[in-house]
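Work through the exercises below with the model open. Try each task before reading its solution.

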Amino acid sequence: MGIYQIELETMNRAELEKMQLKKLQNMINYCLSHSSFYRRKLKDVGIDSGFCVQKLEELQKIPYTTKEELRDQYPTGLLSVPMDMVARIHASSGTTGKPTVGYYTKKDLDIWADAAARVLVQNGLDAQDIIQISVGYGLFTGAMGFHQGAEKIGCTIIPASTGNTEKQIVMMHDLGVTVLMATPSYASHLAERIVSTGKRKEFKLKRILFGAERCSAATRRMIEDSLQVETADNYGMTEFFGPGVAGECSEKSGLHITEDIFYPEIIDPDTGKVLPDNTVGELVLTSLEREAMPLLRYRTRDLTSIDHTPCSCGRTTARIQAPKGRTDDMFVFKGINVFPSQIETAMSHVKGLSPHYRITLNRDEAFQDSALLEVELTEPSMSIEMKQRIKADFEHWLREIVIVRISIKLCEPGTLERFVGKSRRVYDYRYLQE
């Protein structure tokens, strides 16, 4: 597999950090002069135009930026250029009714396209590929991010968007699609339908790129085995362009961060203390190149770890592990913090379970909480004895990994909802009556 920007992606650590420091100095000065939000925020902690970081560790003097602040500044409070300089606007959905808005100048779009192209080449794409982008075009950054990156490297692009699954499959088959870009949940749905056609060997599909949601090991293995394809994980967010923040290479030993554009830190989510390499914590990112909406020390809420050692693929950029969950997708059940990723880890140990599941939380009139975990079986009409064995095995692994006891219901294949966009796994109805 090639390297898109070889000088930047293979730069030695000392030279890379020298570049990062220079860009960081410029970015802090840019925020002080162009962003009314950061001018106020930094002034509150005694930082003004005379401030200059002398080493990367001094970034820790800058306060964190949070998701709540982005919402409070909606719609234009974080905009650092006049609106007539904005070339494009994207947005992601918000839980409070206010979306997270991303603004992009022409320069930002050019930088983003190169970042996305770098990730695509890391994933093994080149100009010979036909890529079908099966995520939603529109305000969501995923489709346009990969689209412009694929244009950079000369791919043939099919902007399929989401939905109309039968047409998606026909196009993949008839047009000789070699690469699919989709959410893991939609990719697993497509895999089921492709296999059901009995014509899998007629497809030229060789690689699937995931985006927009976390992919469990079980889902990934199911897709790879059923379609005989390679898969690659990617990481991005509207706050930082979109796709292009990080992506896997051929070694599958983590996701390379585009470090000359995004400066990463891992912190303890409770104390805010910066953690050492290979320690799980919350990912914090700082824009090193951004005109319209730069962010300093933004708390992503994604839980991961980082490794700064060079990769055997030849790249020297730091790698994060695929996020293990989010500080805000955790739910508390009977006093125990539970992450969907823990559920998926337990599932991966049990033969006979598919990757499709749903967790429903309720509270009765006596204020007692209940949790029901519905999981699909891989095969229809299993014997009672087989189902009992699977259930007992699953209960064992849940106790080992999650600790708290959760009720389990085994479902027939194809009975749980499928998602063409981001999947929803947890349905919490405990607080609706409060």
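This is a predicted model: local features need pLDDT of at least 70, side-chain atom pairs count only at pLDDT 80 or more; totals for chains, interfaces and linings use all residues.

**Exercise 1.** Classify the aromatic pair of Phe-240 and Phe-262, and state which parts the pair ties together.

Solution. Start with the total: the structure holds seven aromatic pairs. For Phe-240 and Phe-262, the centres are 6.0 Å apart and the planes make an angle of 85°. Planes over 60 degrees apart count as edge-to-face, and this pair is edge-to-face. Next, locate the residues. Phe-240 lies in strand S9 (residues 240-248) and Phe-262 in strand S11 (residues 262-267), so the pair ties together parts that are 22 residues apart in sequence. Now check burial. Phe-240 is buried, at 1% relative accessible area. Phe-262 is buried too, at 2%. Finally, widen the view: ring pairs link Tyr-104, Trp-112, Phe-240, Phe-241, Phe-262 and Tyr-298 into a cluster.

**Exercise 2.** Give the strand order of the open sheet of four strands, and find its edges.

Solution. The order reads S21-S20-S19-S22, and the pairing is mixed. Strands S21 (407-411) and S22 (426-428) are at the edges. Each has a single partner strand, so one side of each lacks a neighbour in the sheet. From one strand to the next, the twist averages 20°. Now inspect S19 (residues 353-363) and S22: they run parallel, joined by three bridges. Leu-361 stands opposite Asp-428 in S22.

Notes:
Residues are numbered from 1 along each chain as its sequence is written. Side-chain values use heavy atoms; hydrogens and water are left out. Rings of Phe, Tyr and Trp (its six-membered ring) pair if their centres lie within 6.5 Å; planes under 30 degrees apart count as stacked, over 60 as edge-to-face and the rest as tilted. Helices (H or I, at least four residues) and strands (E, at least two) are DSSP runs, numbered from the N terminus. Buried means under 20% relative accessible area, exposed over 50%, partly exposed in between (1.4 Å probe, protein chains only). Two strands pair if DSSP finds at least two bridges between them. Axes are lines fitted to C-alpha atoms, for helices over the stretch in contact, and angles run from 0 to 180 degrees between N-to-C directions.
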